[in-house]
Amino acid sequence: MPTYPWRFAPEGLATRRQLRARDLRPGGQPVAGQVMWRSRRNRGGVRVAYLYRLERALPVRPMTPGKWAALTKALAARRICPGCGLDRGYTIPTSLGECVTCHDGHALAA
């Protein structure tokens with residue numbers, strides 16, 4: 001597989017993020033190459049981004065009414081506290097597992 005250093009991929013190839021920025025998707029095509037760079041997160045680690053051909057990319061599928069409804073329902077469920085059952089108007093932090101009010105109440109009781 002052709003491998004290129006960071007920012008040296010030839011014209012006509014793009015990563016998934018670059019395709020998405022143009023409202024495109026890979027569309028089932030095989031990977032045409034990869035970009036590799038050193039990772040600062042992992043000592044001595046290397047990160048990879050796969051490249052796809054722009055001319056073979058397809059447009060992003062539009063959202064259907066059913067998908068919009070499912071997304072709205074999922075986002076609403078993330079705002080409901082499992083402790084008190086109230087819609088808090090913000091996404092419940094996964095680190096706490098409940099709304100801040102319930103978490104503070106449990107912390108005071110302990």
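User: Which strand gives the most to the lining of the largest pocket?

Analyst: Strand 5 does, with 4 residues. A strand here is a DSSP E run of at least two residues, a helix an H or I run of at least four, both numbered from the N terminus. This is a predicted model, where local features need pLDDT of at least 70 and side-chain atom pairs pLDDT 80 or more, while totals for chains, interfaces and linings use all residues. Residues are numbered from 1 along each chain as its sequence is written, and side-chain values use heavy atoms, leaving out hydrogens and water.

User: How do I read a pocket, and which residues lie nearest the centre of this one?

Analyst: A pocket is an open set of points on a 1 Å grid over the protein atoms alone where a 1.4 Å probe fits, with protein on both sides within 12 Å along at least five of seven lines; lining residues have an atom within 4 Å of a point. Here 20 residues line the largest pocket, and A14, T15, Q18, V35 and L51 lie nearest its centre. Two or more lining residues come from each of strand 2, helix 1, strand 4 (33-38) and strand 5 (46-53).

User: How many of the lining residues are nonpolar, polar or charged?

Analyst: The lining has 12 nonpolar, 3 polar and 5 charged residues. Ala, Val, Leu, Ile, Met, Phe, Trp, Tyr, Cys and Pro count as nonpolar, Asp, Glu, Lys and Arg as charged, and the others, Gly among them, as polar.

User: Let's look at T15. Is T15 buried or exposed?

Analyst: T15 has a relative accessible area of 17%, so T15 is buried (under 20%; over 50% is exposed and in between is partly exposed, with a 1.4 Å probe and protein chains only). You will find T15 in the loop between strand 2 (13-14) and helix 1 (16-21). Leaving out residues up to four places away in sequence, T15 touches A49, Y50 and L51, where contact means heavy atoms within 4.5 Å.

User: How do I read a sheet, and what is the order of the strands in this one?

Analyst: In a regular strand the side chains alternate between the two faces of the sheet. In this model, 4 strands form an open sheet in the order 1-4-5-2, with mixed pairing; two strands pair if DSSP finds at least two bridges between them. Strand 1 and strand 2 each have a single partner strand, so one side of each has no neighbour in the sheet.

User: What are the partners of strand 5 like? How many bridges join strand 4 and strand 5?

Analyst: Strand 4 and strand 5 pair antiparallel over 6 bridges, and R38 stands opposite V46 in strand 5. Strand 2 and strand 5 are antiparallel too, over 2 bridges. Across that pairing, L13 stands opposite R53, and A14 has Y52 as its bridge partner.

User: How should I describe an aromatic pair, and how many does the structure hold?

Analyst: A pair of aromatic rings is described by the distance of the centres and the angle of the planes. The structure holds 1 such pair. The ring centres of W6 and W37 are 4.8 Å apart and the planes stand at 55°, so the pair is tilted. For Phe, Tyr and Trp (its six-membered ring), centres must lie within 6.5 Å; planes under 30 degrees apart are stacked, over 60 edge-to-face and the rest tilted. W6 is in the loop between strand 1 (3-5) and strand 2, and W37 is in strand 4, so the pair ties together parts 31 residues apart in sequence. W6 is partly exposed at 47% relative accessible area, and W37 is partly exposed at 23%.

User: Last one: where does Y90 lie, and what does Y90 touch?

Analyst: Y90 lies in the loop between helix 2 (65-77) and helix 3 (100-109). Beyond residues up to four places away in sequence, Y90 touches R78, R79, C99 and V100. At 30% relative accessibility, Y90 counts as partly exposed. From C-alpha to C-alpha, Y90 and W6 are 38 Å apart in space, and they are 84 residues apart in sequence.
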